[in-house]
Amino acid sequence: QQQQQHQHQHQQQREQHEREQRALAEQQRVAEAERLFELEKQEAMRLEQQRQQMQREHEQQHREAQAAAAAAAAAAAAAVPGAEEDSEAAAPAPPPAAGGTW
């Protein structure tokens, strides 16, 4: 009976050890999943910052292009005597209609 008791105790120790090993492996899997999640979150934040930066640069380029176009239009209007800044007023007037009939 003492041998049976010893075998039973040994069996319990082995089962306890296996449970501890499974729990440790599960903790490691959870830690790895959390690490990967953090990496993906950081990458998503980096990509969002990059997208916002590109959007700001695009908007800045658009504003600069608009300003350059306005400056060119103003310079062109100033080069034509008597012309006004309004682009329609700066356009040449159509020739007078011919007096003939068809």
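Modeller: R29 pairs with E26 in a salt bridge, with 2.6 Å between the closest N and O atoms. The model is predicted: local features need pLDDT of at least 70, side-chain atom pairs count only at pLDDT 80 or more, and totals for chains, interfaces and linings use all residues. Residues are numbered from 1 along each chain as its sequence is written, and side-chain values use heavy atoms, with hydrogens and water left out.

Biologist: What is a salt bridge?

Modeller: Side chains of opposite charge can pair when their charged atoms come close. The cut-off is a side-chain nitrogen of Lys or Arg within 4 Å of a carboxyl oxygen of Asp or Glu.

Biologist: How many salt bridges does this rule give?

Modeller: The count comes to five. Among them is E38 with K41, at 3.3 Å from N to O. Another is R51 with E48, at 2.7 Å from N to O.

Biologist: Where do R29 and E26 lie?

Modeller: In helix α1, residues 2-79, three residues apart, so about one helical turn separates them. Helices are DSSP runs (H or I, at least four residues), numbered from the N terminus. E38 and K41 are also three residues apart in helix α1, about one helical turn. R51 and E48 lie three residues apart in helix α1, again about one turn.

Biologist: Is E26 buried, partly exposed or exposed?

Modeller: Partly exposed, at 38% relative accessible area. Buried means under 20%, exposed over 50%, and partly exposed in between (1.4 Å probe, protein chains only).

Biologist: What are the values for E38 and K41?

Modeller: E38 has 35% relative accessibility and is partly exposed. K41 is partly exposed at 38%. R51 is partly exposed at 42%, and E48 is partly exposed at 33%.

Terms used: Helices (H or I, at least four residues) and strands (E, at least two) are DSSP runs, numbered from the N terminus.
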